[in-house]
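Let's walk through this one together, starting with the overall fold and then zooming in. Have the viewer open as you read.

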Amino acid sequence: MQWVNVLGGVVGGAALLGLGIILGHFAIPKGADVPTPSIFQDLDLEILESIMQQLDASRIRENLRELSREPHLASSPQDEALVQLLLQRWRDPESGLDSAEASTYEVLLSFPSREQPNRVAVVSPTGNVLFSCRQSEQNLTGEQGGPDVVPPYAAYAPPGTPQGLLVYANQGTEEDFMKLQAQGIKLEGTIALTRYGGTGRGAKAVNAAKHGVAGVLVYTDPADINDGQSSTNETFPNSWRLPPSGVERGSYYEYFGDPLTPYLPANPSSFRLDPDTASGFPPIPTQPIGFEDAKILLCNLQGASAPAAWQGALGCDYKLGPGFQPNGDFPADSQVNVSVYNRLELRNSSNVLGIIRGAVEPDRYVLYGNHRDSWVHGAVDPSSGTAVLLELSRVLGTLLKKGTWRPRRSIVFASWGAEEFGLIGSTEFTEEFFSKLQERAVAYINVDISVFANATLRAQGTPPVQSVIFAASKQIPAPSLGGLSIYDNWIRYFNRSSPVYGLVPSLGSLGAGSDYAPFIHFLGISSMDIAYTYDRSKTSARIYPTYHTAFDTFGYVDKFVDPGFSSHQAVARTAGSVLLRLSDSLFLPLNVSDYGETLRSFLQAAQQNLGVLLEQHSISLVPLVTAVEKFEGAAGALDQRISALQKATPDPLQVRMLNDQLMLLERTFLNPRAFPEERYYSHVLWAPRTGSVATFPGLANACSRAMNTSLGSPAWAEVQRQLSILVVALEGAAATLRPVADF
């Protein structure tokens, strides 16, 4: 009966393809003079080059000026005004898209109280205030003092007024607090001063609370962001460095998505958790401060000197505390009071979607997204990305309206809401359209911060997207480098030695730092993040210095980050070329064989670093070795089939089947039961890795937890379970890549 099944599959597939073409035909506006779509429509290099030339740096600059003119905190009136701006642009009769709509979710956000501003103060034993930290940043350019500038705060930190002796806890990691305890420092009831870096924002408060700390302060050390520079003449507005009063705002929520509706879209009818019992919020009051205030606190501490690795660039010897030194600026028994009055509010936040319907495969979606909301003006984060998004959609929309181009597959442009509070808009979207996206989404392109600095391209993504990013970047000149391509410039800054390709640019992996997270970790959609960044040999800054402060303004970008906006244009061209290649190519330009390098690397790390330990517990890596080999064989065979079809006149059904195999590969690595302790993380290759071995995350984490437990313990059973999960996923991936008729 096998021939019956194959024939049924062919007939059914042909019907589906025909339906897609019919849908595509009727989706095209009848007023537009659009060329009749061909089922063999492929990437038109002349059109691609034309689009590259039309992407205008000056228009991107003007977009950014308009987008960052006012602070636009999520759900604010200014944020809503940008929703209307996007709708207006995407509905423009000359350069708009096929359709544009806004969808609204009711989500839980966190704000500081206007009536009772958060406060950090040093108080005497009698309660007198001896010193108060700034409650707002210094108004250096006239843009930091307006009524819509939200004061620095830790979003989702609970209200409270803890008071205690001050201790210095470095980056607030679990190891940092354990070192303090090992020094004999009593942490119960103290206030911990920590610096950004080392661990997530919210984790600092979680770690502190485990050790009895009553409240947490967080600051940015000049050593971590300014290459040690801190004086006013060395910082903004005289350079791109963070000024002394600058404070990084941010979400301290542990997960992503709306806190009250996990795995459900935050629609009015959805079930909601009780905010008082919902998990993921910081357990103790937390407040960020500037390094000018941190210096006064830290340089007056008593106690032992902090380890060399804990020292910074505030111009004094960092002590551990607890409490202040007797001969300093404050009496020795003075304490620090942290008064936090944050409140939780249900607010409406919108996503905006702009759609160009595909001519041949309208049921296949290439998504391109960027969040819209910012903490203050947000010129770099996120408006540099939105400025690029608007210019790219303008150029494509103009061609669309003229009737000279329509993509093979549908393009979905997205402006996400409330990203800064925890990737909320994109996560709600993936929850609402979970099934549709898993069935139809080809890839997700994220351009959040488009330009951190103007030295080189920086790309992150899953292995199959490497080849399309490489192909795009090889065809685009790097800004101001005399004919050098973006690819050639990129390889000078970030590179690795590939056993297959030789020296190539390094493609970073995707964590959870932007809106790609729900697409890759929750839905298993091949994803990438594209930006321009700085020369790591010239700065040790962990991110651009004015990140999440009121100094991230249009003038900051125009003067320091990208004068002339040539790097913005380079990102627009690179991301635009990737978008066109994914939406227009007959064969999807996703190279699944590139996953083989990652799997082989992970396997070798497991064998070298965990093999002996696993053998001692009678756990064999042989099934994993076999599974990796099966994947490599299936991926290589698929490459050969694609190559053969490209040289012939392919049957459109064969093309469709092969493309579906390429599209669906990433989904095969999902296992929603693999990491029950993690919310949304189900990708067995890219889940968070807490173990020290650079291998498969589930295996690394399980081995790390089991390391010091006895033979036959539940922890070692979990190691075996994680190994089985991996083997099944890899065998399933190999099966997905084999000819579809060979069940």
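Of the contacts in the protein with a separation of 6 or more, 79% join residues 24 or more positions apart; contact here means heavy atoms within 4.5 Å. Keep in mind that this is a predicted model, where local features need pLDDT of at least 70, side-chain atom pairs count only at pLDDT 80 or more, and totals for chains, interfaces and linings use all residues. Residues are numbered from 1 along each chain as its sequence is written, and side-chain values use heavy atoms, with hydrogens and water left out.

Now the overall picture. The protein has 21 helices and 19 strands, taken as DSSP runs numbered from the N terminus (helices are H or I, at least four residues; strands are E, at least two). Buried residues make up 59% of the 743, buried being under 20% relative accessible area with a 1.4 Å probe, protein chains only. The C-alpha trace spans about 85 × 65 × 55 Å along its principal axes.

Next, find the open sheet of four strands, ordered S3-S2-S11-S5 with antiparallel pairing; two strands pair if DSSP finds at least two bridges between them. S3 (129-132) and S5 (163-164) are the edge strands, each with a single partner, so one side of each has no neighbour in the sheet. Further in, S2 (residues 119-123) and S11 (residues 335-339) share five bridges, and Val122 sits opposite Val336 in S11.

Finally, look at the loop between S15 (441-446) and S16 (456-461), which holds Ser450. Ser450 counts as buried because its relative accessibility is 0%. Beyond its neighbours within four places in sequence, Ser450 has contacts including Ser384, Tyr532 and His568.

Key: Buried < 20%, exposed > 50% of the residue type's maximum accessible area, 1.4 Å probe, protein only.
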